[in-house]
Amino acid sequence: MLKTANRSIFSEDHEIFRDSVRKFFDAALIPNLDRFEEEGLCDRAFWKASGEAGIVCPTVPEAYGGLGLNFLFNTVITEEISYAGSSSGIVLQNDVCADYLVHFGTEEQKTRWLPGMVSGDVIVAIAMTEPGTGSDLQSIRTTALRDGDDYVINGSKTYITNGIQADLVILVAKTDPTAGGKGISLILVEAGREGFEKGRKLDKIGQRSGDTAELFFNNVRVPVSNLLGQEGRGFACLMNSLPQERLSIAVLAQAGAQRAFDEAVSFTKDRKAFGKTVFDFQNTRFELADMAARLQVGWAHLDWAIARHVAGKLDAVEASAAKLWHSELQGEICDRSLQLHGGAGYMNEYPIARLWRDARVSRIYGGTSEIMKEVISRSL
């Protein structure tokens, strides 16, 4: 169980909420982890049950079916999902997709989509990455060109979380291909639109229970009313939302690192070698002590970043630094924890194997570690 007693950012209300989240995951998530991994997604029954439990999009205003809570409640959910060893796309819907609708959507768009997102009936993806374009969003090639009262969309996207199950896609496209970043807009594309096809469910190293897909758009027509925010302001919307996305990844990473460490402590105290437990060897204790110190620093920094974000003060550089540091920490802790398992760590029957595999992508998605360094270096 993730210990949170010494963290000052959470109130009693948050701890009561965390207890309810844990109880729900104990009943609905953890018994299904292996099945979700095998099927390559968390099924709609889980999404619906999560909505009924109040853990999908809790920050959505009450007027649209949400609980009207702040990001700290999202943080509780994100930490518990990560600590449980799940890669559920609920985190993306909570921490990324919902805010695009809340902040930039019209009243009609909010009324149409947000209640279903909260209930778990509507699954949303955001489609940025393209086959030839990763972190360089200004170089995307997907277009949404005006034709009367419609946008006509052509292009493709890849590595899209929730892509297979998505009922709605927030598409990043060029409405003016000649204007660079100022020509980018956000377009809502409903599943089932003629010419919109979902490709294969991508076969990933880890995070196998989070569905990831290719998406194809061939002369897809959507009404101009599907524009999210202002035309040509999509890049600004993305930059406004990226700090929370990167902080969310930092939260996932820190909680995942803590789980890997806890697994290592438990395993080494139980495993016998040369007449004593593996924990009794000085090298084991020193390895664990060093990791414990790094995790202590990590939690202190993460809580500082979360508190700044809730106060509206976390900037893009600070969020990028948090994403960089915590994702790198996760990789290190998971690797060292697996090493302390010896050969058992390489066996999929042990949780550490999944934690280690799932951790690798945190240094890539949401902006690679190298891009995070570039963002930070520009501020120096």
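Biologist: Is Arg200 buried or exposed?

Modeller: Some conventions come before the reply. This is a predicted model, in which local features need pLDDT of at least 70, side-chain atom pairs count only at pLDDT 80 or more, and totals for chains, interfaces and linings use all residues. Residues are numbered from 1 along each chain as its sequence is written, and side-chain values use heavy atoms, with hydrogens and water left out. Buried means under 20% relative accessible area, exposed over 50%, and partly exposed in between, with a 1.4 Å probe and protein chains only. Arg200 has 53% relative accessibility, so it counts as exposed.

Biologist: Which residue does Arg200 meet in a salt bridge?

Modeller: A salt bridge is a side-chain nitrogen of Lys or Arg within 4 Å of a carboxyl oxygen of Asp or Glu. The side chain of Arg200 meets that of Glu214, at 3.3 Å from N to O. Glu214 sits in strand S7 (residues 212-223) and Arg200 in strand S6 (residues 196-201), 14 residues apart. Glu214 is buried, at 17% relative accessible area.

Biologist: How are the labels for helices and strands assigned?

Modeller: They are DSSP runs numbered from the N terminus: helices are H or I with at least four residues, and strands are E with at least two.

Biologist: How many salt bridges does the structure hold?

Modeller: There are 29 salt bridges in the structure. One of them joins the side chains of Arg22 and Glu80, with 3.1 Å from N to O. Arg22 belongs to helix H1 (residues 12-28) and Glu80 to helix H4 (residues 71-84), so this pair ties together parts 58 residues apart in sequence. Arg22 is buried, at 16% relative accessible area, and Glu80 is buried too, at 5%. Both belong to a network of salt bridges that links Arg7, Glu15, Arg18, Arg22, Glu79, Glu80 and Asp303.

Biologist: Which residue meets Arg44 in a salt bridge?

Modeller: The partner is Asp167, at 2.9 Å from N to O. Arg44 lies in helix H3 (residues 44-52), and Asp167 in the loop between strand S3 (150-161) and strand S4 (168-174), so the pair ties together parts 123 residues apart in sequence. Arg44 is partly exposed at 34% relative accessibility, and Asp167 is partly exposed at 23%.

Biologist: What is the span of helix H9?

Modeller: The expected span of a helix is 1.5 Å times one less than its number of residues. H9 (residues 316-340) has 25 residues and reaches 36 Å from its first C-alpha to its last, close to the 36 Å expected. At its start, a side-chain oxygen of Asp315 comes to within 3.1 Å of the backbone nitrogen of Val317. After H9 comes Gly342, with a positive phi near 60°.

Biologist: Which residues other than glycine have a positive phi?

Modeller: Cys57 is one of them, with phi near 55°. Cys57 is in the loop between H3 and H4 and is buried, at 0% relative accessibility. Asn162 also has a positive phi, about 70°. Asn162 is in the loop between S3 and S4 and is buried, at 2% relative accessible area.

Biologist: How many bridges join strand S2 to S3?

Modeller: Two strands pair if DSSP finds at least two bridges between them. Five bridges join S2 (residues 143-147) to S3, and the two strands run antiparallel. Ala144 has Ile153 in S3 as its bridge partner. The hairpin of S2 and S3 has two residues between the strands, and Gly148 there takes a positive phi near 65°.

Technical notes:
Polar contact = N/O pair within 3.5 Å; in protein donor to acceptor, adjacent residues only side chain to side chain.
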